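Thanks, everyone. I have one structure to walk through today. Please look at the screen.

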Amino acid sequence: AGYSPARAAGAVTVGSTTSSDTRSSFSNYGTTVDIFAPGSGIKSAWYENDNQVNTISGTSMASPHVCGVAALLMAADESRTSGDVKSLLTSTAIEGALEGNIGSGSPNLLLYVGDPDATLAPTPSPTACSERIVRVEIQTDRYPQETGFKLEKMKSGGAEMVMSVEETTYTTPSTMEVETGCIDDGEYEFTITDSWGDGLCCGYGEGFYNVYVDGVIEVEGGDFGSSETVEVLVGDATSTPTSAPTSCDTDKHRLQVELTTDRYPAETSWVLELNEGGSVTEVQSGSGYAQSTDYTENFCIDDGDYTFTINDSYGDG
């Protein structure tokens, strides 16, 4: 099940089960499977005439069961997105119902036709905020328990925690998790962490994160290591770039770095290194920028041989 469309994060990948709640011998299995449904010995319409039926087996029999439940969920609430429906399918499934060898990495989740009016967890966005609504979306990878995040407001006396999710909170692979809250104008930092150190994308799934303020996306990403911190400016707040020194000592030189970020600032970082006596020493570096923003940073440096390196983790400059 590691190929398209099963590997697509937005697809619902269905494994097949028998009437005795075991995995069908022909069924896909593994971490890209989202849910299981009956697919062995299913009576279905057949193609030779309008009244013909046939009893057949396959994941092509299991998938229509899931489609039917998905249709009920969407009919119950037309505002639900495909991500909402996928989350409801897995969160309302019967956990642990399958017996025997379901395949390494497969979720023990059997489709359940329950209440189509079921609500998503976590709680939907607040109906009203006196300030602004912040919405954090986390599309988990195959190991959701590794992922956590925090949103902090930066104040003169230090950072104030606004919203956070601890690692081990999320437990369902390849699922859209949504957290919402109310914030006021100001300068914030969003930090996402991965305890294994491989981010959300792309070695073990195609996870990602989005941060919205009043419905407008402010931060997005997924390809990072152990953690990533990005500045989020809300309302009339402005970032405080490194101040230009009023002067440099006579034996030093002023270095100015000017940077304009693209839509994916989390991918961008730079480093200035001094090459001296066969060794390399980091002198200055920069990262954690906001999208589509101009930055100017000034430093005083000594005489020497320097290397300036700018990086884009995605590889598109």
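Start with strand 11. Of its 9 residues, 7 are buried, so the strand is mostly covered. Keep in mind that this is a predicted model.

What pairs with strand 11? Strand 8 does, through 7 bridges, and the two run antiparallel. Take Lys-153: its bridge partner in strand 11 is Tyr-188. Strand 16 pairs with strand 11 as well. Here there are 8 bridges, again antiparallel. Glu-187, for instance, has Leu-233 of strand 16 as its bridge partner.

Now the core. The largest nonpolar core has 21 residues. Which of them have the most contacts inside it? Val-136, Ile-138, Phe-149, Phe-190, Ile-192 and Tyr-209. Several strands give two or more residues to this core, among them strand 7 (132–139), strand 8 (147–155), strand 11 (186–194) and strand 16 (227–234). Strand 9 (158–165) and strand 14 (208–213) are on that list too.

Look at Ile-138. Skip its neighbours within four places in sequence. Its contacts then include Phe-149, Ile-192 and Tyr-209. Thr-147, Tyr-170, Met-176 and Leu-200 are also among them.

Last stop, the surface. Tyr-143, Trp-196 and Tyr-204 make a nonpolar patch of about 370 Å². Where is Tyr-204? In the loop between strand 12 (201–202) and strand 13 (205–206). Its relative accessibility is 39%, so Tyr-204 counts as partly exposed.

Conventions:
Residues are numbered from 1 along each chain as its sequence is written. This is a predicted model: local features need pLDDT of at least 70, side-chain atom pairs count only at pLDDT 80 or more; totals for chains, interfaces and linings use all residues. Side-chain values use heavy atoms; hydrogens and water are left out. A nonpolar core is a set of buried Ala, Val, Leu, Ile, Met, Phe, Trp, Tyr and Cys residues joined through side-chain atoms within 4.5 Å. Buried means under 20% relative accessible area, exposed over 50%, partly exposed in between (1.4 Å probe, protein chains only). Helices (H or I, at least four residues) and strands (E, at least two) are DSSP runs, numbered from the N terminus. Contact means heavy atoms within 4.5 Å. Two strands pair if DSSP finds at least two bridges between them. Patches are made of residues with over 30% relative accessible area and no salt bridge: like charges are joined within 9 Å, nonpolar side chains (Val, Leu, Ile, Met, Phe, Trp, Tyr) within 5 Å. Accessible areas come from the Shrake-Rupley method with a 1.4 Å probe; for residues, only the protein chains shown count as cover. A salt bridge is a side-chain nitrogen of Lys or Arg within 4 Å of a carboxyl oxygen of Asp or Glu.
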